[in-house]
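Please consider the structure shown below with attention to its pockets and to the contacts among its aromatic rings. The explanation that follows takes these two topics in turn.

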Amino acid sequence: MKPAAKRETLDLCIGMIGSFIGLTVLITAVIPLVLPMPLILRMLLLLVTYWLTALAPLIIIRYRHDSLHTYGLRRRRLPQQILIGIVIGGALALLLVMPPYSLGLGELWDNGCRFGHDLWRYLYELCYKTLAIGAAEEFVFRGFCLTKLRRIFKADVPAIALSSLLFGLFHLFGGSIVQIILTAFIGAVLAVCRQKIKNCTLLSVIIAHGLYDFIISCAASLTHLQ
């Protein structure tokens, strides 16, 4: 293996191990500590602390003096990037979330959200799903991980496959094996979109991810609305 490939492999291993450790610390220590806090403080801390999952890749990128542009962030054509993200997120929800609910199988996607009639809770959920979960996870898997794997394999297919598998395993804590497989599939779709659709950037898949997760929360909450 060439020195450059060894370096990329080392970066990838350290970054991914760090992300999984960050998730473990978040779930087992940070969230239980944050949940009893006053509402506003809890909301802000939940937004910030989810980025523990992306801390190791961020440190590596800083250490290597890499540009975030390399990992998929672009400044040009922001409206197109945003619109593409909205379309992808909406399409995923339409294809994967709406059918189970229309067939009476909504429990497959029920994530426990119950917002009632509180509009602010829906707005916060959209912010949390996009700025915390969507942004951090897409940065790790469709940004850092996918880029490193493409540099290692010099090909898209193995890079997309392995990054998507890792994305599925990242959700081992909170889902069944079916949900993990489906999550890996969604990761592959987002990776393909980022690689193949013009002006589909890291920002686009962040928006798509956040919107998709938000629609799941809305469906779960509205289904149980009294």
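In this predicted model, five helices each supply at least two residues of the lining of the largest pocket: helix 1 (3–34), helix 2 (39–49), helix 6 (119–153), helix 8 (177–196) and helix 9 (202–223). Helix 6 contributes the largest share of that lining, with eight residues. In total, 41 residues line the largest pocket, and those nearest its centre are N111, E125, Y128, K129 and I133. The space in this pocket amounts to about 1,400 Å³. By class, its lining divides into 25 nonpolar, eight polar and eight charged residues.

The second largest pocket has a volume of about 220 Å³. Its lining includes R74, R75, R76 and R77, together with H69, G72 and Q81. R194, N199, C200, T201 and L202 also line this second pocket. Here the classes are two nonpolar, five polar and five charged residues.

The aromatic rings form the second topic. The model contains seven aromatic pairs. One of them joins F20 and F170, whose ring centres are 5.3 Å apart; the pair counts as edge-to-face because the ring planes stand at 85 degrees, and an angle over 60 degrees falls in that class. This pair links distant parts of the chain, since F20 belongs to helix 1 while F170 lies in the loop between helix 7 (156–169) and helix 8, 150 residues apart.

A second pair, Y71 with F144, has its ring centres 6.3 Å apart, and its planes at 15 degrees make it stacked. The cut-off for stacking is an angle under 30 degrees. This pair, too, links distant parts of the chain: Y71 is in the loop between helix 3 (55–63) and helix 4 (78–96), F144 is in helix 6, and 73 residues separate them. Both Y71 and F144 are buried.

Returning to F20 and F170, these residues also belong to a cluster, in which ring pairs link them with F141 and F167. F167 has a further contact, with a charged residue: R142 lies over the face of its ring, at 4.1 Å from the ring centre.

How values were computed:
Residues are numbered from 1 along each chain as its sequence is written. This is a predicted model: local features need pLDDT of at least 70, side-chain atom pairs count only at pLDDT 80 or more; totals for chains, interfaces and linings use all residues. Side-chain values use heavy atoms; hydrogens and water are left out. On a 1 Å grid over the protein atoms alone, a cavity is a set of points where a 1.4 Å probe fits but cannot get out, and a pocket is an open set with protein on both sides within 12 Å along at least five of seven lines; lining residues have an atom within 4 Å of a point. Grid points are joined across faces, edges and corners, and a volume is the space filled by probe spheres set on the points. Helices (H or I, at least four residues) and strands (E, at least two) are DSSP runs, numbered from the N terminus. Ala, Val, Leu, Ile, Met, Phe, Trp, Tyr, Cys and Pro count as nonpolar, Asp, Glu, Lys and Arg as charged, and the others, Gly among them, as polar. Rings of Phe, Tyr and Trp (its six-membered ring) pair if their centres lie within 6.5 Å; planes under 30 degrees apart count as stacked, over 60 as edge-to-face and the rest as tilted. Buried means under 20% relative accessible area, exposed over 50%, partly exposed in between (1.4 Å probe, protein chains only). A charge sits over a ring if NZ of Lys or CZ of Arg is within 6 Å of the ring centre and within 35 degrees of the ring normal.
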